[in-house]
Amino acid sequence: MSELAVIGENSRVVMHFSIKLEDGSAADSSKVHGKPARFRVGDGNLTPNFEKHLLGLKAGDEREFTLAPEEAFGVPIDENIYHLDKSKFSDDAPAEVGSIIAFNQPDGREVPGIVRNVEGNTVTIDFNHPLAGQRIIFAVEILSVEDA
């Protein structure tokens, strides 16, 4: 019987993951979408803080760990809060608190923003990651590991 590869630098990994908040509510899960995550350790898709929790795991392993906001999606940054004129919004993308609207950037990319407040003709848009400032609980199930 051959020994299973363990996750190390440059390993190719396929895993299911779920993200929960401290109150137990689910924020995301690859199982819901039926598509496991695929990445190479060190490729920049995951933060180093996240990857360090995966090192040494092998196919079949399941782990749960908690990351502080600074280790996960960061802390909210005031510079990512914008105040726009309500006239910039349309019936297709109304300025309603809680709505997530895609904004086109000069380079053609779309960036999602969350409508946080509407007061008079001013709409407050938050471009921080929706999970910024939250302690995150990750649960992972390693499906396969290949050495680079």
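Reader: Which residues does Leu54 contact, leaving aside its neighbours within four places in sequence?

Author: Leu54 is in contact with Ile7, Met15, Phe39, Leu46, Phe65, Val140 and Ile142, leaving aside neighbours within four places in sequence; contact means heavy atoms within 4.5 Å. This is a predicted model, in which local features need pLDDT of at least 70 and side-chain atom pairs count only at pLDDT 80 or more, while totals for chains, interfaces and linings use all residues. Residues are numbered from 1 along each chain as its sequence is written, and side-chain values use heavy atoms, with hydrogens and water left out.

Reader: What makes a set of residues a nonpolar core, and which residues have the most contacts inside the largest one?

Author: The term denotes buried Ala, Val, Leu, Ile, Met, Phe, Trp, Tyr and Cys residues joined through side-chain atoms within 4.5 Å. The largest such core has 19 residues, and Ile7, Met15, Phe50, Leu54, Val140 and Ile142 have the most contacts inside it. At least two residues each come from strand S1 (12–21), helix H2 (48–54), strand S4 (62–67) and strand S9 (136–146); helices (H or I, at least four residues) and strands (E, at least two) are DSSP runs, numbered from the N terminus. S9 supplies the largest share, five residues. Another core, of seven residues, lies apart from it and includes Phe89, Ile101, Val115 and Val123.

Reader: Why is His16 called buried?

Author: Buried means under 20% relative accessible area, exposed over 50%, and partly exposed in between (1.4 Å probe, protein chains only). His16 has 15% relative accessibility and therefore counts as buried. This residue is found in strand S1.

Reader: What makes the pair of His16 and Ser30 a polar contact?

Author: A polar contact is a pair of N or O atoms within 3.5 Å; within protein, one must be able to donate a hydrogen and the other to accept it, and residues adjacent in sequence count only if both atoms are side-chain atoms. The side chains of His16 and Ser30 are joined by such a contact, of 2.8 Å.

Reader: Why is the pair of Tyr82 and Phe127 called edge-to-face?

Author: Rings of Phe, Tyr and Trp (its six-membered ring) pair if their centres lie within 6.5 Å; planes under 30 degrees apart count as stacked, over 60 as edge-to-face and the rest as tilted. The ring centres of Tyr82 and Phe127 are 5.5 Å apart and the planes stand at 80 degrees, so the pair is edge-to-face.

Reader: Why is the pair of Phe103 and Phe127 edge-to-face?

Author: Their centres are 5.2 Å apart and their planes are at 70 degrees, so this pair is edge-to-face.
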